[in-house]
Amino acid sequence: MRLRAAGLALVAVGLAGCGGGATPLTFDLAAVPGNARAAASSRSIVVAEPIGLQTLEADRILVREANGSLSFLGGGQWSDRLPRLIQTRIIQSLENSGRLRSVTRPGDKVVSDYQLVSEIREFDIAAGSREAVVDISAKIIAESSGRVVNARIFSARVPVSAVDAGNAAVALDAALGRVLADIVHWVNSGR
């Protein structure tokens, strides 16, 4: 297993706390690094911002208790709203692969061959099993016809040594790294 600790930008930036409480640490997620020997194709893709339940629309780290209840983990937060952060890392990972003509966002007004739409099904720490769980469903849609070309669910689970902000962020980054690598391979396989 590749260590992503170096790739995880722990932006331990102190943000101005409200009401004098403890200042949370801010964590970032890493993109999959590039492949120097990749050959670009003529395909282009636009990556939509993933959708998710309201609890996933935040910048907070989520914990799922054994009884199914959800809570936010104190002491840490993501550097942006989770869907926007994941969209950015998908785009960067696909760009880093060097296999596509272009990778853009919907608002970029660039004509593309395909659109990648996704849903964050799970992105949390499972407290009962002490695992970081990332589960994202994705569809590749042909822009010309609106037809779903392919669809797949990507999942990864990574053990977390302790349910605290720092360990949770590192484990979730590692799990997302596995999912991103699978998404990049899948998109670039042309299926």
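**Exposure, backbone angles and a cavity**

Reply: In this predicted model, lysine 109 counts as exposed, at 78% relative accessibility.

Me: Why is lysine 109 called exposed?

Reply: The term exposed requires a relative accessible area over 50%. Lysine 109 has 78%, and is therefore classed as exposed.

Me: Where does lysine 109 lie, and what is noted about its phi?

Reply: Lysine 109 is placed in the loop between strand 6 (102–104) and strand 7 (114–126). Its phi is positive, about 60°, although the residue is not a glycine.

Me: Why is arginine 130 called partly exposed?

Reply: Partly exposed covers the range between the buried limit, under 20%, and the exposed limit, over 50%. The relative accessible area of arginine 130 is 39%, so the residue is assigned to that intermediate class.

Me: In which loop is arginine 130 found, and what is its phi?

Reply: Arginine 130 belongs to the loop between strand 7 and strand 8 (131–142). Its phi is about 55°, a positive value in a residue that is not a glycine.

Me: How many cavities of 30 Å³ or more does a search of the whole structure find?

Reply: The search finds one. The largest cavity holds about 30 Å³ of space, and its lining consists of Arg43, Ser44, Ile45, Leu100, Tyr114, Ile140 and Val187.

Me: What makes the lining of the largest cavity divide into nonpolar, polar and charged residues as it does?

Reply: The division is five nonpolar, one polar and one charged. Ile, Leu, Tyr and Val count as nonpolar and Arg as charged; Ser44 is therefore the polar residue and Arg43 the charged one.

Note on methods. Residues are numbered from 1 along each chain as its sequence is written. This is a predicted model: local features need pLDDT of at least 70, side-chain atom pairs count only at pLDDT 80 or more; totals for chains, interfaces and linings use all residues. Side-chain values use heavy atoms; hydrogens and water are left out. On a 1 Å grid over the protein atoms alone, a cavity is a set of points where a 1.4 Å probe fits but cannot get out, and a pocket is an open set with protein on both sides within 12 Å along at least five of seven lines; lining residues have an atom within 4 Å of a point. Grid points are joined across faces, edges and corners, and a volume is the space filled by probe spheres set on the points. Helices (H or I, at least four residues) and strands (E, at least two) are DSSP runs, numbered from the N terminus. Buried means under 20% relative accessible area, exposed over 50%, partly exposed in between (1.4 Å probe, protein chains only).
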